[in-house]
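Open the model in your viewer and get ready to select residues. This tour goes stop by stop.

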Number of protein chains: 2
Amino acid sequence: MPMDHLSTTFATLADPTRRAILARLAVGEATVNELAAPFAMSLPAVSKHLKVLEHAGLITRGREAQWRPCRLEAGPLKEVAGWLEHYRRFWDDSFDRMADYLKEIQTKGDPDGRKN
Amino acid sequence: MPMDHLSTTFATLADPTRRAILARLAVGEATVNELAAPFAMSLPAVSKHLKVLEHAGLITRGREAQWRPCRLEAGPLKEVAGWLEHYRRFWDDSFDRMADYLKEIQTKGDPDGRKN
DNA sequence: AAGTTAATTAACCAATGAGTTAAATATAAG
DNA sequence: CTTATATTTAACTCATTGGTTAATTAACTT
């Protein structure tokens, strides 16, 4: 089944272990063992999570000797933020006020009241 | 398995059909049949998607005669936006500039250079 | 009362996801 | 060359997901 990008990103983020890994990587690069340490699960399990994260483009992995340092890649998160923007008006009160404000300065600054 | 709120939300959003339903509901309330119309799938399938959305708190359903009008609820989306904010600095260039700016006016406005 | 429309529930199936243990690979160090 | 460390792959299990069709419930219409 052809999984679109956004669906892949959301599915990847739908796991607390993976979100915890991202939170850790927000601090800085880390190896697989370092990332696995906090979790009560086997190393292969974490390795799988990393593969999922990598496949979603949320991390990249280098190689230094026998270590594969992982680092955060925020591209997909930016896409999510973009998607969310379409809905901001449903929860953000200041969003409406900002829209009002923009409309106001738009008409005030343009005596003809053109829309654009 | 105890599914945390955020995981439930992400899992729910990880399906293009469900995101399309939300997009439709952003325009206004709609019944199950109306929501199902655009999709090449059975009504029960859509009904299931709606149950998932409802369970995630992304929609609520009223009842008018034999119709169950659905409407968007943005609470969980706001939570996602909140979570995302922790990562904004990784993709938003202006975020750093804003941080710099805030730091600047903070020190400029306070001759003693106190941090808070 | 009978029929029509709206929606859900039941029973089923195939595919996926998240975990396991055991084995394999890769690199470094004695 | 052997061993230790870091990580991945293989093979398997179990639960969940997303879809199906057929049957059921609910409410309106005639």
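Buried means under 20% relative accessible area. By that rule, B:Trp83 and B:Tyr87 are both buried. Keep in mind that this is a predicted model.

**Stop 1: the aromatic rings**

Stay with B:Trp83 and B:Tyr87. Their ring centres lie 4.9 Å apart and their planes meet at 45 degrees, so the pair is tilted. Now select A:Trp83 and A:Tyr87. Both of these residues are buried. Their rings have centres 4.9 Å apart and planes at 45 degrees, so this pair is tilted.

How many aromatic pairs are there over all chains? The count comes to 7.

**Stop 2: the nonpolar core**

The largest nonpolar core has 56 residues. Which of them touch the most other members? Select A:Leu22, A:Leu50, A:Trp83, B:Leu22, B:Leu50 and B:Trp83 to see them.

Zoom in on A:Leu22. Leaving aside residues up to four places away in sequence, A:Leu22 touches A:Leu13, A:Leu53, A:Leu58, A:Ile59 and A:Leu72 in chain A. From chain B, A:Leu22 touches B:Trp83 and B:Tyr87.

**Stop 3: two crossing helices**

Select helix H2 (residues 16-27) and helix H4 (residues 43-55), both of chain A. They pack at an angle of about 75 degrees, with axes 10 Å apart. Angles of 65 to 115 degrees count as roughly perpendicular, so H2(A) and H4(A) are roughly perpendicular to each other.

Show the side chains at the contact. H2(A) brings A:Thr17, A:Arg18, A:Ile21 and A:Leu22. H4(A) brings A:Val46, A:His49, A:Leu50, A:Val52 and A:Leu53. By class, this contact has 6 nonpolar, 2 polar and 1 charged residues.

**Stop 4: helix H1 in chain A**

Select residues 5-13 of chain A, which form helix H1. Is H1(A) mostly covered or mostly open, and how many residues are buried? Mostly covered: 7 of its 9 residues are buried. They are A:Leu6, A:Ser7, A:Thr8, A:Thr9, A:Phe10, A:Thr12 and A:Leu13.

Now look at the partners. In chain A, the buried residues of H1(A) pack against H2, H4 and helix H5 (75-85). In chain B, they pack against H1, helix H2 (16-27) and helix H5 (75-85).

**Stop 5: a threonine in chain B**

Finish at B:Thr9, in helix H1 (residues 5-13) of chain B. B:Thr9 is buried, with a relative accessible area of 0%. Beyond residues up to four places away in sequence, B:Thr9 touches B:Pro76 and B:Val80.

How values were computed
Residues numbered from 1 in each chain as written. Chains lettered and ligands numbered in written order. Predicted model: local features only at pLDDT ≥ 70, side-chain atom pairs only at ≥ 80, totals over all residues. Heavy atoms only, no water. Core = buried A, V, L, I, M, F, W, Y, C linked by side-chain atoms within 4.5 Å. Buried < 20%, exposed > 50% of the residue type's maximum accessible area, 1.4 Å probe, protein only. Contact = heavy atoms within 4.5 Å. Axes fitted to C-alpha atoms, helices over the stretch in contact; angles between N-to-C directions. Helix = DSSP H or I, 4+ residues; strand = E, 2+ residues; numbered from the N terminus. Parallel < 35°, antiparallel > 145°, perpendicular 65-115°, else oblique. Nonpolar A, V, L, I, M, F, W, Y, C, P; charged D, E, K, R; others polar. Phe/Tyr/Trp six-rings, centres within 6.5 Å; stacked < 30°, edge-to-face > 60°.
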